[in-house]
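Biologist: Could you walk me through this structure slowly, please? I am new to this kind of thing.

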Amino acid sequence: MQEEQAAADAAGNSSPPSHQEQESSGGCCLVRGPIIVGAGPSGLAVAATLRRHAVPFTVLERSDGIADLWTNRTYDRLRLHLPKVFCELPHVGFPADFPTYPSKHDFLRYLRSYAARFAVSPLFGRTVTRARFDAAASLWRVTAVSAADGGRATEYASPWLVVASGENAEVVEPKVKGRERFAGEALHSSAYRSGERFKGRRVLVVGCGNSGMEMCLDLCELGAMPFMSVRSGVHVLPREMFGTSTFGVAMKLLKWLPIKLVDRFLLLVAKMVLGDTERHGLRRPKLGPLEIKKITGKSPVLDVGAWSLIKSGNIKIVPEVESFTGGSGVRFVDGNEMAFDAVIFATGYRSNVPSWLKDGDLFTEDGKPRAAQEPTTSSNSSCCSWRGPNGLYCVGFSGRGLLGAGADALRAAADIAGRWQAAAAAGGGASSKISISSASV
Ligand SMILES: Cc1cc2nc3c(=O)[nH]c(=O)nc-3n(C[C@H](O)[C@H](O)[C@H](O)COP(=O)(O)OP(=O)(O)OC[C@H]3O[C@@H](n4cnc5c(N)ncnc54)[C@H](O)[C@@H]3O)c2cc1C
Ligand SMILES: NC(=O)C1=CN([C@@H]2O[C@H](COP(=O)(O)OP(=O)(O)OC[C@H]3O[C@@H](n4cnc5c(N)ncnc54)[C@H](OP(=O)(O)O)[C@@H]3O)[C@@H](O)[C@H]2O)C=CC1
Ligand SMILES: O=C(O)C(=O)Cc1c[nH]c2ccccc12
């Protein structure tokens with residue numbers, strides 16, 4: 001702990017946020033080291049690793065604390081679905097007394113102590129609204145708006161920009177015909193905390209991903225009547241097989257076998273353990289669970305109890321919603337109509353990067369690094385999901401959860417540290433001060 005603090009002091013950015021920036025009268029901050037957008041697990045992991053390399057950094061976070069997704073946008077009963085060894089950030093493991101599948105409160109405790117240990121003090125309440133590369137100055141110019149400060153915009157500049165704003169930055173909610181006419185409560189799964197207040201009520205949960213499944217389970221256990229609306233198919237896998245985690249089994253097999261074969265194996269075991277999910281209205285996609293995750297980012301459901309309640313009919317499967325018909329009515333695509341007291345849209349999330357990263361087409365329309373979509377060839381062998389051109393880095397966009405975020409963070413931080421040290425050796429430059437004329441700011 002003291003070591004990290006000493007490194008922070010040496011790098012000159014352990015002190016409160018205002019000391020991390022040199023603000024000019026033009027509203028521009030010339031920062032030392034990279035700018036990191038987002039203080040979730042990915043932003044913290046890259047900051048911690050930069051700290052280890054004695055490279056200073058500035059973290060811009062829109063909310064008022066670290067890990068906003070886990071703190072403010074998740075339900076009470078959430079636990080990690082993967083065993084803790086697959087969810088640790090670089091350098092510090094989970095405490096030994098944590099259970100195999102830590103709760104969100106355990107995970108948040110870990111993240112807070114991680115941030116403290118590496119002296120990561122983000123600038124909170126700063127929403128990044130724009131970032132562009134200024135080729136003339138070889139700098140990223142990043143605009144952040146502070147709501148607490150009356151919407152004041154400040155520009156931060158650095159040769160390096162780390163995008164760590166997450167694959168789940170914004171909610172996805174479908175525009176369903178007649179929604180404004182629905183008399184009951186309608187909310188996104190990110191606003192759902194517990195089934196407690198839905199006791200005795202008929203609740204329609206739209207979406208059958210991990211959130212939708214788990215909310216149905218929670219609703220059922222707390223005395224509500226959940227209905228789950230399913231549009232396309234989903235792979236449901238048992239969270240554990242052969243007394244160990246399904247994810248762990250898959251990781252081991254992937255070392256030796258091609259993904260298609262591992263998928264076939266997982267599906268065979270899933271069928272043995274769960275039975276035929278199609279018989280109960282959950283069609284399986286054509287591609288296997290790992291392949292579909294790799295290609296589209298769509299996660300398989302790791303079952304923690306909802307499946308048996310679907311089989312027993314306590315969670316009822318209904319088709320895709322066609323429209324709200326007024327009052328409590330909902331019409332489905334098969335023409336049937338039912339009444340509900342509440343609707344929960346467990347329809348997922350998207351990245352927000354395309355809305356603020358105004359530089360070429362580095363990210364796809366759905367907010368993923370374009371390089372991550374392209375197969376590696378001899379001509380683009382240096383191209384990867386974690387690094388773009390001109391000092392741009394992406395951490396946490398590989399669709400591989402916390403494990404992938406940690407791997408990205410290690411690579412990005414090492415790459416930046418190499419450049420930082422090279423600049424220092426070349427006589428200061430970026431590592432001592434960035435000089436840009438106020439006219440160009
Ligand atoms: C309900 C749920 C459960 C999950 N469980 C697991 C799991 O068990 N295991 C696993 O590996 N993965 C899980 N995931 C995936 C999840 O994406 C990762 O766990 C992890 O949160 C990713 O970290 P991140 O830092 O990349 O993104 P986030 O945690 O989303 O953090 C991004 C941060 O950036 C900030 N931000 C966003 N936009 C801006 C902006 N424009 N300006 C400034 N700040 C911004 C956000 O406020 C946020 O604090 C889960 C996801 C969800 C939704
Ligand atoms: N404990 C854990 O580890 C948990 C992890 N997570 C993770 O968080 C991430 C987000 O999960 P989740 O919130 O479930 O989101 P997902 O994106 O995984 O699932 C969204 C669901 O909503 C459906 N949907 C989307 N749009 C519509 C629409 N217009 N009409 C009908 N259905 C629609 C999708 O169906 P379709 O396939 O047809 O598009 C899909 O079933 C995932 O990575 C997930 O694994 C979530 C909860 C718990
Ligand atoms: O919960 C998620 O979606 C995650 O990102 C964790 C995760 C990463 N790779 C996977 C493969 C199968 C199931 C879950 C995950």
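Modeller: Helix H7 passes helix H8 in a right-handed crossing, where a crossing is called right-handed if the near helix is turned clockwise from the far one by less than a right angle, and left-handed if anticlockwise. The contact is made by Thr246, Ala250, Leu253 and Leu254 of H7 together with Ile259, Val262, Phe265 and Leu266 of H8, and two residues are in contact if their C-beta atoms, placed from the backbone, lie within 7 Å.

Biologist: What is the make-up of the contact of H7 with H8 by class?

Modeller: It has 7 nonpolar residues, 1 polar residue and no charged residues. Here Ala, Val, Leu, Ile, Met, Phe, Trp, Tyr, Cys and Pro count as nonpolar, Asp, Glu, Lys and Arg as charged, and the others, Gly among them, as polar.

Biologist: And at what angle do H7 and H8 pack?

Modeller: H7 (residues 246–254) and H8 (residues 259–274) pack at an angle of about 145 degrees, with their axes 9 Å apart. The axes are lines fitted to C-alpha atoms, for helices over the stretch in contact, and angles run from 0 to 180 degrees between N-to-C directions.

Biologist: Before we go on, where does the model come from, and how is everything numbered?

Modeller: This is a predicted model, in which local features need pLDDT of at least 70 and side-chain atom pairs count only at pLDDT 80 or more, while totals for chains, interfaces and linings use all residues. Residues are numbered from 1 along each chain as its sequence is written, and chains are lettered from A and ligands numbered from 1 in the order in which they are written.

Biologist: How many helices and strands does the protein chain have?

Modeller: There are 13 helices and 23 strands, taken as DSSP runs (H or I of at least four residues for helices, E of at least two for strands) and numbered from the N terminus.

Biologist: Back to H8, is valine 262 buried or exposed?

Modeller: Valine 262, which lies in H8, is buried, with 22 other C-beta atoms within 10 Å. A residue is buried if 20 or more other C-beta atoms, placed from the backbone, lie within 10 Å of its own, exposed if 12 or fewer, and partly exposed in between. Not counting residues up to four places away in sequence, valine 262 touches Ala250, Leu253, Leu254, Leu257 and Leu290.

Biologist: New topic: which helix gives the largest share of the shell around ligand 2?

Modeller: That is helix H6 (residues 210–221), with 4 residues. In total 24 residues surround ligand 2, and the closest are His81, Pro174, Gly207, Gly209 and Gly348, where a residue counts as near if its C-beta atom, placed from the backbone, lies within 6 Å. The shell has 8 nonpolar, 12 polar and 4 charged residues.

Biologist: Why is H6 described as largely enclosed by the rest of the structure?

Modeller: Because 11 of its 12 residues are buried. What covers the buried residues of H6 includes strand S11 (202–206), strand S12 (225–229) and helix H10 (306–311). H6 is followed by glycine 223, whose phi is positive, near 85 degrees.

Biologist: Which residues are around ligand 3?

Modeller: They are His81, Leu82, Phe247, Lys293, Ser299, Pro300, Leu302, Arg400 and Gly401, which by class come to 4 nonpolar, 3 polar and 2 charged residues.
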